[in-house]
Amino acid sequence: MLTSHFDYHLPNDRIAQEPVRPRDHSRLLVLDRTAGTWTHHRFYDIGTFLRPNDLLVVNESKVFKARLRGRFRRDDPVVASTRRRPDQDVEIFLLRPEGSRWLALAKPGRIISVGSIIAFADGISCNVIAKLDDGTIAIDFHASANDIFAWTDKAGEIPTPPYVERAKPSADDYQTVYARTTGSVAAPTAGFHFTPELIQSLKDAGIRFATVTLHVGLGTFRPIKTETLEEHVMHEEWIDMPKETRNAIVATKQSGGRVIAVGTTTVRALESDVEHGLTDIFITPGYRFKAVDGLITNFHLPKSSLLVLVSSFVGASRPDSDEGRRIALRAYEDAIREGYRFYSFGDAMLIV
């Protein structure tokens with residue numbers, strides 16, 4: 001399937017630059033995937049469309065300050081030289097720890113060489129130990145992952161998306177209210193719409209909650225650059241699936257309830273069937289969903305793996321799986337006409 005089939009035009013003024021306050025006052029498009037129709041509401045009305053014994057599964061991964069400013073030492077530390085070249089500013093975007101090393105992106109990456117040293121504030125530095133074919137680098141801080149997480153909390157920057165061009169949001173703005181386990185470089189943004197009060201009201205109405213962890217990395221936010229979906233390779237992301245959540249899903253389905261995933265990252269965690277480990281699942285039209293019966297999600301970038309996933313879910317119950325893409329894009333077009341706000345700080349969809 002051509003990646004271009006998942007393209008659409010979004011006016012710049014539809015890209016949300018800050019969250020709605022209160023969070024649950026964002027708009028909500030409710031899409032009935034069986035009928036192929038939708039209606040417009042506010043997110044605080046979401047309980048109207050849920051049933052007692054439904055299970056909402058949320059991704060409790062917490063964003064860390066993954067963007068670092070450093071200085072790249074231009075001299076090769078291995079080869080002696082009498083001519084010292086000036087150091088150069090470099091931006092390091094940490095992705096995830098892998099044992100004693102970290103996977104990262106470097107900007108500009110062309111100047112980085114294996115064996116070189118990147119120096120940061122507070123006397124912290126790392127060694128470049130590998131340059132990988134996918135454009136990432138492997139670096140070693142010679143410190144534990146927990147120590148680096150603690151250090152980035154002081155020295156790093158919030159890794160907000162490039163399309164958020166106005167005043168930088170606060171750390172609280174770019175975090176869900178239930179975030180707990182540190183490890184994401186981008187927020188699972190479908191959860192932004194929940195407030196503690198809304199969560200409590202849903203629980204009081206008999207809606208149950210469960211958690212998973214998928215640490216958002218390149219697999220989620222890197223765009224599809226290949227001509228076809230079949231050529232796209234997803235980067236791996238870490239999943240932790242509690243036994244309690246697995247049991248809750250089984251119990252919900254046995255009692256006739258629905259499993260509603262809050263966010264595409266939660267969908268990928270539930271459909272990967274991984275308890276503790278890495279996933280590179282790429283959900284495309286024709287995929288048969290095993291766990292998820294409903295989806296709460298934001299409006300995603302054109303030609304992104306997230307829009308492909310949403311289209312796949314909309315079309316999952318249809319003989320022509322591509323019909324899901326057509327319905328999803330029509331809903332997107334209507335949301336644009338209706339003035340919805342798009343992307344990370346934008347409005348929401350409920351697909352059931």
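Which residues line the largest cavity? The lining consists of Pro19, Val20, Arg23, Ser26, Phe192, His193, Asn298, Ser344, Phe345 and Gly346, where residues are numbered from 1 along each chain as its sequence is written. The model is predicted, so that local features need pLDDT of at least 70 and side-chain atom pairs count only at pLDDT 80 or more, while totals for chains, interfaces and linings use all residues.

Rolling a probe the size of a water molecule over the atoms shows where empty space is left. On a 1 Å grid over the protein atoms alone, a cavity is a set of points where a 1.4 Å probe fits but cannot get out, a pocket is an open set with protein on both sides within 12 Å along at least five of seven lines, and lining residues have an atom within 4 Å of a point.

Why can helix 6 be described as largely enclosed by the rest of the structure? The reason is that 10 of the 10 residues of this helix, residues 305–314, are buried, which here means under 20% relative accessible area with a 1.4 Å probe and protein chains only. What covers these buried residues includes strand 1 (27–32), helix 3 (218–221), helix 5 (264–272), strand 16 (294–298), helix 7 (323–337) and strand 17 (348–351), contact being taken as heavy atoms within 4.5 Å.

Strand 17 leads on to the sheet. In a regular strand the side chains alternate between the two faces of the sheet. In strand 17 both faces are covered, with Ala348 and Leu350 on one side and Met349 and Ile351 on the other, all of them buried. Strand 17 runs parallel to strand 1, to which four bridges join it, and leucine 28 stands opposite alanine 348. Four bridges also join strand 17 to strand 16, and these two run antiparallel; here threonine 297 has methionine 349 as its bridge partner, and isoleucine 296 has leucine 350.

These strands belong to an open sheet of nine strands in the order 2-1-17-16-14-3-12-13-15, with mixed pairing, where two strands pair if DSSP finds at least two bridges between them. The edges are strand 2 (37–42) and strand 15 (276–279), each of which pairs on one side only.

Finally, the largest pocket contains about 920 Å³ of space. Its lining has 40 residues, of which Pro161, Pro162, Tyr163, Phe221 and Arg222 lie nearest its centre. Among the elements that give two or more residues to this lining are helix 3, helix 5, strand 16 and helix 6.

Note on methods:
Side-chain values use heavy atoms; hydrogens and water are left out. Buried means under 20% relative accessible area, exposed over 50%, partly exposed in between (1.4 Å probe, protein chains only). Grid points are joined across faces, edges and corners, and a volume is the space filled by probe spheres set on the points.
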